[in-house]
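Me: I am new to this structure and would like to learn how to read it. Could you take me through it feature by feature?

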Amino acid sequence: MEAQAIHPCAANSDERVLPSIFRHPSAAAPLLITQGAEALLYRSTYLLPSTPCALKYRPSKPYRHPILDARLTKHRILSEARVLVKCRREGVPVPAVYALDEAAGWLMIEWIEGEVVRIRLNEWLKRRKEEDIAEGVDDGELLELMTRVGSAVGRLHAIGVVHGDLTTSNLMLRPRSREVSNGDSETASKMLDGNVVLIDFGLASQSQADEDRAVDLYVLERAFGSTHPRAESLFVEVLREYGRSFKGANVVLKKLEDVRMRGRKRSMLG
Amino acid sequence: MIAIGLEGSANKLGVGVISHPAPGKPAQVLSNIRHTFVTPPGEGFLPKDTAKHHRTWVVRLVKEAMTEAGVSINDIDCICYTKGPGMGAPLQSVAVAARMLSLLWQKELVGVNHCVGHIEMGREITGADNPVVLYVSGGNTQVIAYAEQRYRIFGEALDIAVGNCLDRFARTLEISNDPAPGYNIEQLAKKGRALLDLPYAVKGMDCSFSGILASIDILAAELKANPEQRDSITGEVITPADLCFSLQETVFAMLVEITERAMAHVGSNQVLIVGGVGCNERLQDMMGIMARDRGGSVFGMDERFAIDNGIMIAHAGLEAYKTGFTTPLEESTCTQRFRTDEVFVRWRD
């Protein structure tokens with residue numbers, strides 16, 4: 001759900017026929033926001049011009065057998081929606097589910113304003129580098145963000161959901177109030193402000209296993225390390241807050257040490 | 001420069017001679033000979049018997065390869081052998097043969113990673129420059145992309161390899177192992193129509209096949225007990241061909257999916273399929289549809305180079321040898337565990 005948009009036609013070379021919901025008369029044609037391997041994300045004003053929503057469309061994969069394709073699309077849309085609804089019910093910050101059609105392959109969810117943590121954090125780090133502020137100096141704002149991330153992930157795990165693909169691209173910062181997010185008046189001190197919202201539950205599953213939770217944290221830790229090496233040292237803040245977030249979180253942190261030791265990969269046989 | 005390569009990590013014994021002319025010119029395959037240890041239907045190959053097969057045939061194959069290549073011992077620059085990964089006993093018998101040749105001919109040894117051999121040969125034959133590689137065989141299932149001097153593994157099978165799953169199902173059905181169990185499954189699958197429900201096990205860029213094998217084995221047992229079963233959708237009688245068809249459709253869809261995810265991740269639109277399962281035309285077709293959809297293309301190979309062979313070991317070994325890499329005699333061991341990303345790829349930039 002990033003700011004820049006690609007026109008659907010430009011990205012789709014072969015002009016696929018989109019489901020009817022995409023062709024419904026609305027204030028503006030749906031805008032393609034991102035394209036992953038699995039799904040296309042559109043911004044649509046299908047509901048009301050004043051209420052944008054995110055449309056996640058899983059096009060059918062022509063290489064797959066049609067029966068298998070329909071089965072997988074249906075299963076994935078329903079399981080993503082179920083996880084989102086569960087999170088919403090339990091108060092975990094995620095987009096609300098508005099509608100879905102598992103046969104046509106789409107899921108309509110709340111549009112989250114703001115930007116992903118990856119972009120904001122990189123801008124923040126860049127600005128600090130330009131202003132020549134040393135690492136560890138005056139980084140209370142970043143510490144605070146790490147705390148909010150740790151708390152959000154903790155709340156997710158507490159209700160028995162693992163995300164499956166936690167990266168800084170799947171964490172949004174939603175502005176706290178409408179007036180604040182007004183364009184260029186934003187200063188460096190407010191750049192990391194906002195409520196953390198978890199997005200993209202395409203690989204999420206319901207699990208209470210410490211192993212799965214630890215792998216979730218490990219993936220996030222690696223994402224921080226590879227995407228924002230200069231913020232990596234503060235990842236301990238995420239873990240500290242996570243440890244406080246639910247009963248049993250400390251067991252997960254212990255497990256995380258094991259996961260780190262072996263990495264994600266097994267030793268290969270044959 | 002000319003190298004001889006010896007491969008015997010599984011049930012194929014391969015010897016090949018390759019020549020690398022001046023830089024920038026394509027490599028020349030001077031000879032590429034293979035002998036496969038084929039077991040009766042319903043049986044797999046055991047390490048002990050496979051090693052014996054390799055020991056019996058290696059001298060004959062080396063002689064044949066040298067004669068066919070038309071080169072003398074003096075023309076050979078180095079002797080390349082498979083260091084791993086693979087089955088212990090067969091690897092050992094080929095390593096012993098390579099050491100013997102090294103001492104006899106007074107030539108340097110080069111230990112080669114089997115997976116890197118497949119990748120390098122695939123790049124050389126197809127001309128794919130920097131593809132995402134799907135390496136699928138009886139022992140390995142990996143999605144690989146090159147970055148900074150290493151072939152990095154983006155996804156892999158977490159339990160058995162996809163080829164192992166197919167081979168073992170061929171054993172369940174007691175299909176012939178000649179020329180290869182997977183080949184015979186492919187032929188049978190062409191007659192299949194009904195798609196039966198099987199588990200689909202993809203997790204991110206990794207996948208798993210043992211649960212699928214267990215399920216299809218159960219379906220095969222049910223079919224044997226009650227041959228009159230009908231498919232709920234088509235109403236037709238279910239045949240072993242339908243089982244092969246369903247198995248292929250499911251596992252190949254998983255492979256294409258993880259490959260597509262890796263392509264999206266690294267931003268590449270070329271795919272290279274290597275390894276024995278890469279000969280399967282249905283897999284190549286499915287991969288082709290996916291790649292075309294992304295505006296890219298797929299590079300596949302035929303059985304001469306996709307199935308384990310000596311020439312790929314010679315080729316990858318010679319690439320390493322040209323950068324000054326050799327394996328001293330006292331370190332010329334072999335290992336069953338040797339990950340693709342352990343190899344420092346000095347010959348690429």
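This is a predicted model: local features need pLDDT of at least 70, side-chain atom pairs count only at pLDDT 80 or more; totals for chains, interfaces and linings use all residues.

Me: Where do I start with chain B, and how many helices and strands does chain B have?

Reply: Start with the secondary structure: chain B has 10 helices and 12 strands. Then look at the extent. Along the principal axes, the C-alpha atoms of chain B fill a box of roughly 65 × 45 × 30 Å. A compact globule of 349 residues would have a radius of gyration near 20 Å, and the 20 Å of chain B agrees with that. Of these 349 residues, 54% count as buried. Among contacts between residues at least 6 apart in sequence, 76% join residues at least 24 apart.

Me: Which domains does the assignment give for chain B?

Reply: The assignment gives domain 1 (2-121 + 305-342) and domain 2 (128-303). The C-alpha centres of these two domains of chain B lie 27 Å apart. Their contact takes 19 residues from domain 1 and 26 residues from domain 2. On the side of domain 1 that touches domain 2, α3 and α9 (303-306) of chain B each supply at least two residues. α3(B) gives the most to that side, with 4 residues. By type, the residues of that side of domain 1 divide into 10 nonpolar, 6 polar and 3 charged.

Me: What should I look for in the interior?

Reply: In soluble globular proteins, nonpolar side chains tend to be buried together. Here the largest nonpolar core has 113 residues, and those with the most contacts inside it are Cys80(B), Tyr81(B), Val162(B), Leu255(B) and Val271(B). Helix α7 (residues 240-266) of chain B provides the largest share of this core, 13 residues.

Me: Why does this core lie between domain 1 and domain 2 of chain B?

Reply: Both domains of chain B give residues to the core, so it lies between them. Another core, of 60 residues, lies apart from it and includes Ile77(A), Ala152(A), Val161(A) and Leu217(A). Leaving aside neighbours within four places in sequence, Val271(B) is in contact with residues including Pro131(B), Thr259(B), Met287(B) and Phe299(B).

Me: Which residues does the UniProt annotation "binding site" cover?

Reply: In the unreviewed UniProt entry, that annotation covers His114(B), His118(B), Tyr135(B) and Asp308(B). They span 195 residues in sequence, yet no two of their C-alpha atoms are more than 11.7 Å apart, so they gather at one spot. The entry also lists residues 30-314 of chain B as "domain: Gcp-like".

Me: Is His114(B) buried or exposed?

Reply: A residue counts as buried if 20 or more other C-beta atoms lie within 10 Å of its own. His114(B) has 27, so it is buried. His114(B) is placed in helix α3 (residues 114-126) of chain B. Beyond four places in sequence, its contacts are Ser9(B), Thr82(B), Gly84(B), Pro85(B) and Gly86(B). Tyr135(B) is buried as well, with 27 other C-beta atoms within 10 Å, and lies in strand β6 (residues 132-136) of chain B. Among the contacts of Tyr135(B) beyond four places in sequence is His118(B), another residue of the annotated site.

Me: How many residues of chain A are in contact with chain B?

Reply: 19 residues of chain A are in contact with 24 residues of chain B. Sorted by type, the chain A side divides into 9 nonpolar, 6 polar and 4 charged residues.

Key:
Residues are numbered from 1 along each chain as its sequence is written. Chains are lettered from A and ligands numbered from 1 in the order in which they are written. Two residues are in contact if their C-beta atoms, placed from the backbone, lie within 7 Å. Ala, Val, Leu, Ile, Met, Phe, Trp, Tyr, Cys and Pro count as nonpolar, Asp, Glu, Lys and Arg as charged, and the others, Gly among them, as polar. A nonpolar core is a set of buried Ala, Val, Leu, Ile, Met, Phe, Trp, Tyr and Cys residues joined through C-beta atoms within 7 Å. A residue is buried if 20 or more other C-beta atoms lie within 10 Å of its own, exposed if 12 or fewer, and partly exposed in between; C-beta atoms are placed from the backbone. Domain bounds come from an automatic or database domain assignment. UniProt positions are given in the numbering used here, feature names are shortened, and annotations may be inferred rather than shown by experiment. The radius of gyration is taken over C-alpha atoms; the globule rule is 2.2 Å times the number of residues to the power 0.38.
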